[in-house]
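Visitor: Could you take me through this model and explain the words used for it as we go?
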Amino acid sequence: MIDALRAEYPGFDEFDATERALLIAAHYADTIKVREATGHNDGLYVERFLRTVGLHKGYPWCAAFVYACYREAGVATASLPIGGAAVRNWVKSPLVHKVPGPVRGDLGYWLNPNGTGHIFFCVRTEGAYVHTIEGNTDGLGSREGNGCFRRLRPINKVKYLRFIP
């Protein structure tokens, strides 16, 4: 896959890690069109994402998707939040900083009182909305969806993190 991105984006290897991770996420959403096999957090790519964080099929995978994209972008595993499979691990990590609003490459997220949540890449803003690329979502914006999708979310409905690898 990286070779395809190098062919499509001359200079891919010179882009910073955040931009490479965004392009990798876009490739999964737009070109590969990752979807779960049976709708139960499974399938070739979903299980590959989960394995990067030490989990197997059946687990929610939005944070594993983010982790896998950064890892494929060349970010050393030691530079990523420990236990990257959980949104709360990204939020509590000393490697990220909470920011008031998104810019390209930031991570959007929400955490529910019960500890569940959702995390995704921010691509750009447009007025009161943020364009995103997300794993484990669907056309309705669920945090337990069936694939990788681009979404449009209201900026003021989620929180934001800046991860600088």
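Guide: Let us begin with strand 4 (residues 129–137) and strand 5, which run antiparallel and are joined by seven bridges. This is a predicted model, in which local features need pLDDT of at least 70, side-chain atom pairs count only at pLDDT 80 or more, and totals for chains, interfaces and linings use all residues. Residues are numbered from 1 along each chain as its sequence is written, and side-chain values use heavy atoms, with hydrogens and water left out.

Visitor: What makes strand 4 and strand 5 a pair?

Guide: Two strands pair if DSSP finds at least two bridges between them, and seven join strand 4 to strand 5, so the two count as paired.

Visitor: Why are strand 1 and strand 5 said to stand at the edges?

Guide: The open sheet has six strands in the order 1-6-2-3-4-5, with antiparallel pairing. Strand 1 (96–99) and strand 5 (147–154) each have a single partner strand, so one side of each is left without a neighbour in the sheet.

Visitor: Why is helix 3 called roughly perpendicular to helix 4?

Guide: Helices (H or I, at least four residues) and strands (E, at least two) are DSSP runs, numbered from the N terminus. The axes, which are lines fitted to C-alpha atoms, over the stretch in contact for helices, with angles from 0 to 180 degrees between N-to-C directions, cross at roughly 80 degrees for helix 3 (residues 44–52) and helix 4 (residues 62–72), and come within 8 Å. Because angles of 65 to 115 degrees count as roughly perpendicular, helix 3 is roughly perpendicular to helix 4.

Visitor: Which residues make the contact between helix 3 and helix 4?

Guide: Contact means heavy atoms within 4.5 Å, and the residues are F49, L50 and T52 of helix 3 with A64, F65, Y67, A68 and R71 of helix 4.

Terms used. Angles under 35 degrees count as roughly parallel, over 145 as roughly antiparallel, 65 to 115 as roughly perpendicular and the rest as oblique.
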